[in-house]
Amino acid sequence: MGEREKPERQRPLGEEQNRADASGEADRRESAALRSRLDRLSADLDANRDLSAGNGEKDLGLSASSFGGAMNLGFRVLAEFVSAVVVGALLGWQLDKWFGTSPLFLLVLLLLGTAAGFWNVYRIAVKPSGPKS
Amino acid sequence: MAEAMDPIHQFNIEPIVKLHPFGIDTSFTNASLFMAIIVLAASALMILGTSARSIVPGRLQSAAEMAYEFVANTVRMSSGSEGMKFFPFVFTLFLFVLFANLIGLIPYTFTVTSQIIVTFALAALVIGLVIAYGVIRHGTHFLGLFVPSGVAPALLPFIVLIEIISFISRPISLSVRLFANMLAGHITLKVMGAFVAALLGAGAYAIIAPLPLAAIVALTAFELLVAVLQAYVFAILTCVYLNDAIHPGH
């Protein structure tokens, strides 16, 4: 920028205009600096947000690095599996009571409940971060 | 002594004010008292925390803002921006469970979330909302939740049955997880505390009494982690289930 100003300063006639140009130049320089600072800030913010989003995903998922996370995941898998089996058994038991077909529905739904339990666990393993949309 | 050593005694529900209108037991119990305390504490945090509205937040305002932003991010991440209309619901649930777990860790308090009926009521509320919103929003298309795409027609009846059982098991797993975590943690703490008391009264064995005491310190820290984690898990699973209601297709 300094080099561009030099040839103008050699002209003695347009001194007034020269000063106006210089102040305009200073303004422009300031706004450019401000813009670059803003850009840098927003880039930093984006990076920060990406980082925290990444962390959040990690918390939800399988990569339970900490003891608490591992306990949490274990409890989740256990609860999903056991509850599906229990629901299957209870449904079968109640259907048998209604239709008097003991133990047909109990056996069938117990098996289906076990399958549903495995299905639940499989879903946790495959889609750890939950549906994203 | 026996009562002080009994690890289950802390979960007893005792009526404070007895009320039996029309033969229905609606007594104000210690559980009701602590639920009222939880609601007051959570409201106080948010109301006092947001009353100053300073640009540089104080301690209370930071806590309130952090809780808000944390839950808002959770909701947005797991059920999209459309799920934000459920943010007040999820935030209330999160704060209630969090305060119930944390207040329960203070000695001589009552842990509301160690009662399965409380956690089941919360889970039933979540699943009820999922079903109601899904049916209102999508009508019969909501049933598409039980029919995953890309399954061989021969397998479809089995898969649909399995999906239905898996859906019914959700409120149970949601409630049992929270209940079991709190119950197990509090019983462990109490048993360890009883070890200390019993060892101190056992003559020469009193010399190893500090061992369970140290275990209590470590377990209390761990319980603090579990208390926050379970509140978070409850909130995130609520979001995941609500996401099913918003987008029922697989």
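This is a predicted model: local features need pLDDT of at least 70, side-chain atom pairs count only at pLDDT 80 or more; totals for chains, interfaces and linings use all residues.
Residues are numbered from 1 along each chain as its sequence is written, and chains are lettered from A, with ligands numbered from 1, in the order in which they are written. Local features need pLDDT of at least 70 and side-chain atom pairs count only at pLDDT 80 or more, while totals for chains, interfaces and linings use all residues; side-chain values use heavy atoms, with hydrogens and water left out.

**View 1. Chain A contains four helices and zero strands.** Helices (H or I, at least four residues) and strands (E, at least two) are DSSP runs, numbered from the N terminus. Along the sequence the pattern of chain A is α-α-α-α. Of its 133 residues, 21% are buried, where buried means under 20% relative accessible area, exposed over 50% and partly exposed in between (1.4 Å probe, protein chains only).

**View 2. Helix H5 of chain B covers residues 116-138.** The 23 residues of H5(B) should span 33 Å at 1.5 Å a residue, and the end C-alpha atoms are 32 Å apart, which agrees. The expected span is 1.5 Å times one less than the number of residues. Buried residues of H5(B) include B:Leu122, B:Val126, B:Val130 and B:Tyr133. An α-helix has 3.6 residues a turn, so residues three or four places apart point the same way. The cover over the buried residues of H5(B) includes helices H2, H4, H6 and H7 of chain B. Just after H5(B), B:Gly139 has a positive phi of about 60 degrees.

**View 3. Helix H4 of chain B is mostly covered.** Of the 18 residues in H4(B), 15 are buried. From first C-alpha to last, H4(B) reaches 25 Å, close to the 26 Å expected.

**View 4. A nonpolar patch lies on the surface of chain B.** The patch consists of B:Ile16, B:Val17, B:Leu19, B:Phe28, B:Leu33 and B:Ile37, with about 470 Å² of accessible area together. Patch residues have over 30% relative accessible area and no salt bridge; like charges are joined within 9 Å, and nonpolar side chains (Val, Leu, Ile, Met, Phe, Trp, Tyr) within 5 Å. Accessible areas come from the Shrake-Rupley method with a 1.4 Å probe, and for residues only the protein chains shown count as cover. Strand E1 (15-17) and H2 of chain B each supply at least two patch residues. B:Leu33, in helix H2 of chain B, counts as partly exposed at 33% relative accessibility.

**View 5. Chain B and chain A meet in a contact of 28 residues from chain B and 30 residues from chain A.** Contact means heavy atoms within 4.5 Å. The area buried between the chains is about 2,400 Å², of which carbon and sulfur atoms give 71%. B:Met77, B:Ile162 and B:Ile165 supply 24% of the area that chain B buries against chain A, more than any other three residues. Buried area is the accessible area (1.4 Å probe) that two parts lose on being put together, summed over both.

**View 6. Two salt bridges are counted between chain B and chain A.** A salt bridge is a side-chain nitrogen of Lys or Arg within 4 Å of a carboxyl oxygen of Asp or Glu. B:Arg177 and A:Glu80 meet at 3.6 Å, N to O. This pair runs from helix H6 of chain B to helix H3 of chain A, and both residues are buried. A:Arg123 and B:Glu163 form a salt bridge at 3.4 Å, N to O.
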